[in-house]
Amino acid sequence: PSLEAVVSTQSTGTTDPDQTWDYCGVPKCKWNVECYTELGQDYRGSRSKTVGGSYNCNDWFSNFPHPHSYDNSYNEEHYGVGHHRFCRNPTPSSDTRPWCYTTYFFKRWAYCDVPKCEFGSLEYFERKHSPKGSN
């Protein structure tokens, strides 16, 4: 199997004596990918510039020069905002891609220069095949 971890029956706990291995279920590159899927709510890359490189992103836990309410533990846990300047989308119900508040006083926020992943959705990370030898 390509890029998927394979383990022995001792670590999978299988009771089938004919099954000597299984997939671990480790998602391929879900985090730290430099592109976003779906609406970007799971993007955890390190891009920190807006589209076209026009503006630098501000720290999510900074309220200067633009006060906001995204600096909380819920958004940190669910959307990856935190004490950093990386693009995120803590508003997937209203935004379609990662964005950030800017450090520029006259531009509150902007979408980020993060490309959309070619595979399009998190379904890419799910196992799409049968275990070895069961076809």
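## Rings, a core and a few charges

Trp99 has 3% relative accessibility, so this residue counts as buried (buried means under 20% relative accessible area, exposed over 50%, and partly exposed in between, using a 1.4 Å probe and protein chains only). Before we go on, note that this is a predicted model, where local features need pLDDT of at least 70, side-chain atom pairs count only at pLDDT 80 or more, and totals for chains, interfaces and linings use all residues. Residues are numbered from 1 along each chain as its sequence is written, and side-chain values use heavy atoms, with hydrogens and water left out.

Now for the rings. Searching the whole structure turns up 12 aromatic pairs; here, rings of Phe, Tyr and Trp (its six-membered ring) pair if their centres lie within 6.5 Å, with planes under 30 degrees apart called stacked, over 60 edge-to-face, and the rest tilted. Take Tyr70 and Trp99: their ring centres are 5.6 Å apart and their planes sit at 75 degrees, so this pair is edge-to-face. The two come from distant parts of the chain, 29 residues apart, with Tyr70 in the loop between strand S2 (21-23) and helix H2 (73-79) and Trp99 in strand S3 (residues 99-101). (Helices, H or I with at least four residues, and strands, E with at least two, are DSSP runs numbered from the N terminus.) Tyr70 counts as buried too, because its relative accessibility is 19%.

Tyr70 and Trp99 also belong to one aromatic cluster with Trp60, Tyr101, Trp109 and Tyr111. The largest nonpolar core has 12 residues, including Trp60, Tyr70, Trp99 and Tyr101. Such a core is a set of buried Ala, Val, Leu, Ile, Met, Phe, Trp, Tyr and Cys residues joined through side-chain atoms within 4.5 Å.

What about charges? Asp95, in the loop between H2 and S3, is buried yet has no salt bridge (a side-chain nitrogen of Lys or Arg within 4 Å of a carboxyl oxygen of Asp or Glu). Its nearest side chain of opposite charge, Arg97, is 8.9 Å away; Lys and Arg count as positive, Asp and Glu as negative, while His and the chain ends are not counted.

By that rule, the count is 1 salt bridge. Glu34 and Arg47 form a salt bridge, with their closest N and O atoms 3.5 Å apart. Both lie in the loop between S2 and H2, so the pair ties together parts that are 13 residues apart in sequence. Glu34 has 32% relative accessibility, so it counts as partly exposed, and Arg47, at 30%, counts as partly exposed as well.
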